[in-house]
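The points below may be followed with the sequence and the model side by side.

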Amino acid sequence: MTKTIISRLLITFVLLSTGTLYSQNASQYMDVFSTEFRKIQQDMWDYTSSVSHGKSARKVDKRRLELIQTSDAAYQKAKSQKGFNNSTRYRDSIVSFFKINNLVLKEDYAKLVDMEAIAEDSYDAMEAYLLARERASEKLKAAGEMVQKEQALFAQENNINLIQQDDALSKKMEIAGQVYATYNEIYLIFFKSYKQEMYLMDAINRKDINAIEQNRISLIATANEGIEKLKSVKPHKDDMSMVDATNKLLQFYIEEAEKETPKMIDFFMASENFEKVKKGFDAIPEKKRTQSDVNEYNKAVNDMNSSVGIYNKSNEYLNKKRSAGIDNWNKTAESFTNKHVPKSK
C-alpha cells in the first residue's frame, strides 16, 4: 500500500513503500531527525511569537536560556548519529541547523536583549535593533532552507517521494515574517518623527530658543519625509490602519511645529524681554524713573501676560492632541499585529 511523505520547512516523514528494507531504513533514518527538528522549530516559534505579541525580549529571556539547553541537546543527539549509505550530507545539514540555531540563541538574541534596552534612545539605535532582529531571522530561515534542500536530495537518492505541502507552522512563520516586514517599515517612519518631537519637547522644557527653532524645523522635515514614505508602503492584506494612524500622527507633528511651537517661542522671548526690562527698571531709583521707563515696563508686563495665556492654551491643546494621537497609534499597531500575526497555539 502506498503512503506519502509530506515535506516543507517542517516535515513529517512517512515511507512510500518499495517493498525493501533499504527504503524502510531510509525513512526511519529521516524520522530520527524530523522529531527533534520539528520540536525545536515549534519551541523557537513559541519564543519569537511571545515577543511579537507584546512581551519584551528581556521578560522572556528565561525562555531563551531554556531553549539554548534543548537546542544544544538536539545538536548533540544529531551529531552522534551516523551517516546513511556512506553519506553524512543529510545528517550534517541537520547538525548545521542546530548549530546555527544555538548560535542565534546564544549570540544574536542575547545581543537583542541588550539592544532592546537602548533601542528607544535614538532612531539609529532603533533601526539597528530592528535590523539585527531581521538578520537573526534570516539566519534561521537560510539554515532551514539548507535542510530542506538536503532532505529533498536524500529522499531522491533513497526512493522516498516528498510532496511539497504547506505545514501549519510553516504558514504561521511565513505570515509573521510578512506582517512584521510591513510593521517594521511603518514603525521606523513613525519612530523617526516621534523621537524628533521628543528632542523638540526637551528644548522647550529647557527654554532654549535656538534649540527649539532647530528641532522645530527638523520635525517638519522628518514628518513630511515620513508622509512621503508612507505613500510607497505596501499594506499587508490591504490593511491601511497603521498607515492611516501614522499619517494622522505625522500631520499633528507638522501642525505642532509650524503653528503651535512659534507661540511658545514668542512666550519665551517675551519672558526674556520682561526679565531684562524689569532688571533695568528696578535698577533706576524710583524718583528718577521717567514716563518712558514706566511705559516700557508696562508694555513688557502686558506682552508677558498676553503670551502666558497663549502659551498655556497652546500647551493644553498639544498635550491633549498628542496623547490622543499616540494612544491611537499604539492601539492600532497592537490591533494590526493581533489581527495578522498568528498566535503560537
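Which residues of the largest nonpolar core touch the most other members?

1. The model is a predicted one. In its largest nonpolar core, which has 84 residues, Tyr109 and Trp329 touch the most other members. Two or more residues of this core come from each of H1, helix H2 (61–80), H3, H4, H5, helix H6 (209–230), helix H7 (241–283) and helix H8 (291–340). H7 provides the largest share, 15 residues.

2. The surroundings of Trp329 may be examined next. Apart from neighbours within four places in sequence, Trp329 is in contact with Tyr183, Tyr187, Phe190, Met242, Ala245, Thr246 and Leu249.

3. The largest pocket holds about 1300 Å³ of space. It is lined by 40 residues, and those closest to its centre are Ser137, Glu138, Met173, Ala176 and Gly177. Helix H1 (21–52), helix H3 (89–118), helix H4 (123–157) and helix H5 (168–205) each contribute at least two residues to the lining. H4 gives the most, with 12 residues. By class, the lining comprises 20 nonpolar, 11 polar and 9 charged residues.

4. With neighbours within four places in sequence left aside, Ile175 is in contact with His340 and Pro342.

Note on methods: Residues numbered from 1 in each chain as written. Predicted model: local features only at pLDDT ≥ 70, side-chain atom pairs only at ≥ 80, totals over all residues. Heavy atoms only, no water. 1 Å grid on protein atoms, 1.4 Å probe; cavity = no way out; pocket = protein on both sides within 12 Å on 5 of 7 lines; lining within 4 Å. Points joined across faces, edges and corners; volume = space filled by probe spheres on them. Helix = DSSP H or I, 4+ residues; strand = E, 2+ residues; numbered from the N terminus. Nonpolar A, V, L, I, M, F, W, Y, C, P; charged D, E, K, R; others polar. Contact = heavy atoms within 4.5 Å. Core = buried A, V, L, I, M, F, W, Y, C linked by side-chain atoms within 4.5 Å. Buried < 20%, exposed > 50% of the residue type's maximum accessible area, 1.4 Å probe, protein only.
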